[in-house]
Amino acid sequence: MTRQTITLATLAAALALAGAVHAQDATLLPAARGDVTLRGLVTDAPATPPSVERAPVHFAWALPDDAGAITAPTPYTAVSREYWKDVDGAALARGVTIHTTAPGALVLISPGGGDSRGVAPGALQVRQGGRAVAARDAIVALAPQAALEAATGTSFAPGALGFRLNPALGTGAFDLQVADARGRYVVHVREPDSAVALRVENPVSAYRTGDRVSLQASLDSDTSRATLGDIGGMLVAPDGRDFPLRAVRTRGGIDLQAELPHDASSVPGLWEAHVLAAGDADGAEVLRDAKVAFEVAAPTARLRGRYIARSDAGGQLAFDLPVEVGSPGRYEVRAVLYGTDRAGALAPVAVGHAADWLGRGAGALTLVFPPEVTRDATAPYELRQLGLHDQGRMGRLEYRERAARVASRPLIGR
Amino acid sequence: MRIRTIVLAALLATAATLGSAQAATGVAFVHGTSKHTDAASDYWTHDNINSIRQGLPDPANYVVINCDLTQYMWHDDAAGCVAGQLQSFIAARGITDLVVITHSNGGNVMRWIMSNPTWDSRYPGIISRIRWVNALAPSSAGTPLADAVMAGNMFESALGWLMGYKNDAVRMQQVSWMASYNADWLYGTSGRPSLPRSFYSVVGTDVRSAPFTANANCGGYLQSVGLEFTQNWLASCSDGFLNCSSQSAAGYVWFQDTQRTEKQRVLNHNQSRRNCFGLDVILRNDL
């Protein structure tokens, strides 16, 4: 530390004392149902990328008066009316059967790269009940790869072909045949108008390594009796590892369960649950696949200890939040400040974020709410939707719906 | 809401004028899922950009971002690159009042910056200069077509799943991926805190693909041919790449195409980044 830095630090401390700072020293409110808190920490999490920011940064902004209610992260439910098959070229040349439950199914055939041959529109033949259907009667909305890419700005598999089965053909089984198919293909069937859907609910938006994943699955139909037959799948980590999902029949339906490993992925991105199901709707075979993505983070740090709420004569409010760090990294706290409005009701006032690089052991992050963002709100204040994030490893570590309450303007001098 | 914000912005602008210096307004164009070195030519078209920037007091105060938005939104080559180019533009032109125009996934990248202001020490200075973001067809809730692309590029093998597709931005725009990021990392969607600056979406609602019609030809007929198929993949209200629900999922809906375009024409996903049906004039008049 240079002489100049020491002088500045001393000056800052003196100014803080002279600024009529008031403070409240307390513990965070007990965790409630739905909150996420960590019991233990890992000290050997994968290193953060070297490009991660090292400077401390805090930022806050006022919420508009018409901001709606802020809620805890909601579970995601995948609703699938589609499935896909991995087939080899020889099978596709002989004819691959697809099953449909609604007229006008959409089909996307994607070659698998390497020496897989592209699908030329003229090479495709559709058969129904063993009889070939003339191309002009079988297909509408033909879209080769170039048209798909021009439309979406996105790269499709080289040689991919999309088309819609003519709705006039009705439903049931169709054979798709590509005479010169070679290599491997994904045949993707989507039935946007089908009444039969596979639902997969993920009740938790973010997991920690070592957690148990439990997804609820059901086959629903608006118009018919749908029965789920076989179901299974796998979890896929961003680094390519996969783990089987075990189907367990429960009173409420079927749960798909897996234990997450204790070692985190060293590749960024979300984990995916791939669910593959086969069932029956009024005697017709139904195939459905669904995908659910979620975050899995190593427990690298947690909020632990006593926090300090401070205010100064200028109206600035600050919260010093204690962080216990297992693995060094860049950590962030973010929260919504609620204040009491003129009618005496608690209302969301502002959002605050603070981040810094923290080494192993005890550290702290300070949320700062300047007077221009707290505006007319007064005590009692509450800190809600408090999250602790590991920025370098992209993980939400902890979450508290209600974290702290300051009944009056902080009174204890610091 | 937009009117109220305009009033507030006007008051702020007035206050600034009464102070020492007049606001220097600028506009930035942030492209979608692609990697560019010349997005003005390859993505937006010069005619479109030149038309829009005429709405600036100084039409030279514009920047066309060229970054690798095939990466995850938070990646150094994505949001980091956008932040670097915005910061340089702000510094070089003395910008104090910035309107950002995004298309498609560019909206997610700007939402990343505004939702994660502490991620990068450059972010707060950029956010504080943004007046608002006009997000043309933003993929705020992802698109089932991204799921289709990923399914077509992923093969099951005896050893597991082989990841054959390297466009992380497409991977990120799968529906369940965006649901996860909207829940934990991004602001502005239902039930989440508001963004620090307003995010106004322009929503494309339909696709017209009949040849020799103005609605099909603006932006390229081949593109419209593909959009007819992709639109069937989506809900009844879509621009051929994104459901209206995704385009409307974050911030405020400024307008749906037919409410403001010439002759109530629809804007497919490619037309919303071009000077089709008076969109350029609407954006120009908003500066």
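Two strands are said to pair if DSSP finds at least two bridges between them. Strands (E, at least two residues) and helices (H or I, at least four) are DSSP runs, numbered from the N terminus.

## Basis of the report

This is a predicted model, in which local features need pLDDT of at least 70 and side-chain atom pairs count only at pLDDT 80 or more, while totals for chains, interfaces and linings use all residues. Residues are numbered from 1 along each chain as its sequence is written, chains are lettered from A and ligands numbered from 1 in the order in which they are written, and side-chain values use heavy atoms, with hydrogens and water left out.

## The antiparallel sheet of chain A

In chain A, five strands form an open sheet with the order β2-β25-β24-β27-β28, and their pairing is antiparallel. Its edge strands, each pairing on one side only, are β2 (57-62) and β28 (395-406) of chain A. The twist from one strand to the next averages 15 degrees; axes are lines fitted to C-alpha atoms, for helices over the stretch in contact, and angles run from 0 to 180 degrees between N-to-C directions.

β2(A) runs antiparallel to strand β25 (residues 346-358) of chain A and is joined to it by six bridges. Within this pairing, Val57(A) stands opposite Ala355(A) of β25(A).

## The parallel sheet of chain B

Chain B has an open sheet of six strands in the order β2-β1-β3-β4-β7-β8, with parallel pairing. The edge strands here are β2 (62-64) and β8 (252-256) of chain B, each of which pairs on one side only. With direction ignored, neighbouring strands of this sheet are turned by 20 degrees against each other on average.

Six bridges pair strand β1 (residues 25-30) of chain B with strand β3 (residues 97-103) of chain B in the parallel sense. The bridge partner of Gly26(B) in β3(B) is Leu98(B).

## Helices and loops

Burial is judged by relative accessible area: buried means under 20%, exposed over 50%, and partly exposed in between (1.4 Å probe, protein chains only). Helix α5 (residues 106-115) of chain B has ten of its ten residues buried, so it is largely enclosed by the rest of the structure. Among these buried residues are Arg111(B), Trp112(B) and Met114(B). In helix α4 (residues 145-152) of chain A, the buried residues are Ala147(A), Leu148(A), Ala150(A), Ala151(A) and Thr152(A).

Two loop residues may be set side by side. Val207(B), in the loop between β7 (198-203) and α10 (214-217) of chain B, is buried, with a relative accessible area of 9%. Arg304(A), in the loop between β21 (301-303) and β22 (306-311) of chain A, counts as exposed at 51% relative accessibility. Arg304(A) and Thr27(A) are 277 residues apart in sequence, and their C-alpha atoms are 8.6 Å apart in space. The C-alpha atoms of Val207(B) and Val281(B), 74 residues apart along the chain, are separated by 21 Å.

## Aromatic pairs and charges over rings

Rings of Phe, Tyr and Trp (its six-membered ring) pair if their centres lie within 6.5 Å; planes under 30 degrees apart count as stacked, over 60 as edge-to-face and the rest as tilted. The count by this rule is 20 aromatic pairs over all chains. One of them is the edge-to-face pair of Phe319(A) and Phe369(A), at 6.2 Å centre to centre and 85 degrees between the planes. Phe319(A) belongs to strand β23 (residues 317-325) and Phe369(A) to strand β26 (residues 361-369) of chain A, so the pair ties together parts that are 50 residues apart in sequence. Phe319(A) is buried, at 0% relative accessible area, and Phe369(A) is buried, also at 0%.

Tyr43(B) and Trp44(B) form an edge-to-face pair at 5.5 Å centre to centre, with 70 degrees between the planes; both residues are buried. Ring pairs also link Tyr72(B), Trp74(B), Trp112(B), Trp119(B), Trp177(B), Tyr181(B) and Trp185(B) into a cluster.

A charge sits over a ring if NZ of Lys or CZ of Arg is within 6 Å of the ring centre and within 35 degrees of the ring normal. Arg54(A) lies over the face of Trp357(A), 3.5 Å from the ring centre, and the charged end of Arg260(B) sits over the ring of Phe255(B), at 5.2 Å from its centre.
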